[in-house]
Amino acid sequence: MAIKQLSETLINQIAAGEVIERPASAAKELIENALDAGATRIEIATAGGGKTLLRVTDNGSGMGPDDLELAVRRHCTSKLDDNLLDIRTLGFRGEALPSIGSVARLTITSRPAGASHGAEIAVFGGKLQPVKPAAVNQGTVVEVRDLFFATPARLNFMKTERAEASAISDVVRRMAIAFPGVRFVLSGSDRTTLEFASTGDDRLARIAQVLGRDFRDNAIEIDAEREGARLTGFAGVPTFNRGNSLQQYAFVNGRPVQDKLIWSALRAAYAETIPQGRYPVAVLSLTVDPDVVDVNVHPAKSDVRFRDPGLVRGLIIGAIRQALAQGGDRASTTGASGLMRAFRPEPQRSNVNWTAAASPYRPMDFGSVSNGLAERPQAAFAEMATPSARAPMAEPELAAAPYPDRSHPLGAARAQLHENYIVAQTEDGLVIVDQHAAHERLVFEELRKGLNSRPIPAQALLIPEIVDLPEDDCDRLIGHSAEFSRLGLGIERFGPGAIAIRETPSMLGEMDAVGLVRQLADELAEWDTANGLASRLDYLAATMACHGSVRSGRRLRPEEMNALLRQMEATPGSGQCNHGRPTYIELKLSDIERLFGRS
């Protein structure tokens, strides 16, 4: 079969298949170009989920006629020098605009600063139209109509208009979080207007615009650096979690990414604090030298590859855990919101036809009441008002212990309800504590501290177990043998492709040691870290803590309740139990007053 050169139009369509998967992909490329041009205001308009119309307007630096003609040709860019690894802009791929023009009706109108008028160029299905003058403000307007009209087969793979519009909204939200100083407006006939006003340097305010005010009230700031890599952002307290991962955002050098290494590290950082099936809410921004990260792994640059993945994973886990230990013990404000909703009375529904006479709020008709019945309440009040006429009342017994100080974060214990819930008074509200869940967390932290401070006792196997593994896996396992030995797992090399298991952690009792070693080998091959054994030991410690803590139904003395509160304040992670449930709920005095209509 003879080899032939493909036409320029077909080459652009092939590139479009890699870069432009759906309208949201085109929106991402155009917004990135606007940001790289220095825009401070970006307006996006759509119709038909972006398939009928996608227009991006910015106030960036703009382009002249010569630049416009080059912008729609392949392998032309202003964002890349000779070094392909030194990428400091969001986009650099020269085929984005020509790829869009090969499968849609593309029109670009632009005017640079200082120019008397603008210029316009169009590409319809790969056919280039000549440049012509146009009236436009400074900046650029890119209009994409009838996406994939030149490749109709691609339209069969598009989702509904609502789904495509939602994907574009997600792109805009991610860009808005990454660039808080830029104003974004998303509008169109197929959606309600979505606007994110500029917040300058206040990134948390922009995040609150995207994720809601609740995140701002439950966020912990993260700022850590290790070996030239810096991690900043905000993470939600463990009790502020969601049923999916849609509110997890990650950025590498300002670029939104969907990287499995980052998500795995985030999941590991919240281990033992969030229930199974729940996801933390977090916005993480990683800044590294461009030479140590490859953004060309995916055509759309949504995935990245790090030169040292272990460094990145360790930085994320360590930074989040340290932030949670310092400020993550407070209860989520959503718990108080749920408590407020529970306190609100439900409207009574009945089939009875109420009348004004039957209403409990009707004015009392004194004329229909006999004088004898009407006078009894007055006599009763008079009797209560006369000290000599009423029976002596028993004085309340005062506690022998001194009045507890309610200036502590969790206040002073006032009562125990149903032998399980401690009610404490703070300076500006009250706290309800689940005594079993709280003490369970305290016992777990003590057990884990003991595990981390000394080697785990090990039991020697009468007959060593041999595990056959690839030689590379054996080398990685032996490289971590000292770490495993501290955790009670003794391994050694047994020939070129086998590992001998000599000891196992005594805490785990009878176990599948071979399966554990294979799991550790897989983790080392994937992440260069082995947390499976430590996770098992932590799980065992959590189980022991659950059975060894204060049980529900036990009546506590006031000094015991206050001692539990003080210990919670001094223990990191005490805001949630080992299963991820909150250990206490705080209700502010203003919330209580609002319940009674006092404010």
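I took a salt bridge to be a side-chain nitrogen of Lys or Arg within 4 Å of a carboxyl oxygen of Asp or Glu. The model is a predicted one. Searching the whole structure on that basis, I found 23 salt bridges.

**Entry: pairs looked up**

I went to arginine 216 and aspartate 202, whose closest N and O atoms are 3.7 Å apart. I noted arginine 216 as partly exposed because its relative accessibility is 38%. Aspartate 202, at 33%, is also noted as partly exposed.

I then checked aspartate 223, which forms a salt bridge with arginine 230 at 2.9 Å between the closest N and O atoms. Aspartate 223 is partly exposed at 49%, and arginine 230 is partly exposed at 38%.

In helix α14 (residues 471–479) I looked at aspartate 473 and arginine 476, three residues apart, or about one turn of the helix. Their side chains meet in a salt bridge of 2.6 Å, N to O. Aspartate 473 is buried, with 12% relative accessible area, whereas arginine 476 is partly exposed at 31%.

I also recorded a network of salt bridges linking Arg554, Arg557, Glu559 and Glu560.

**Entry: nonpolar cores**

The largest nonpolar core has 93 residues, and within it Ile42 and Phe184 touch the most other members. Leaving aside neighbours within four places in sequence, I listed contacts of isoleucine 42, including Ile31, Leu35, Val56, Val182 and Phe184. Apart from this core lies another, of 15 residues, among them Leu477, Leu489, Leu516 and Val517.

Methods:
Residues are numbered from 1 along each chain as its sequence is written. This is a predicted model: local features need pLDDT of at least 70, side-chain atom pairs count only at pLDDT 80 or more; totals for chains, interfaces and linings use all residues. Side-chain values use heavy atoms; hydrogens and water are left out. A nonpolar core is a set of buried Ala, Val, Leu, Ile, Met, Phe, Trp, Tyr and Cys residues joined through side-chain atoms within 4.5 Å. Buried means under 20% relative accessible area, exposed over 50%, partly exposed in between (1.4 Å probe, protein chains only). Contact means heavy atoms within 4.5 Å. Helices (H or I, at least four residues) and strands (E, at least two) are DSSP runs, numbered from the N terminus.
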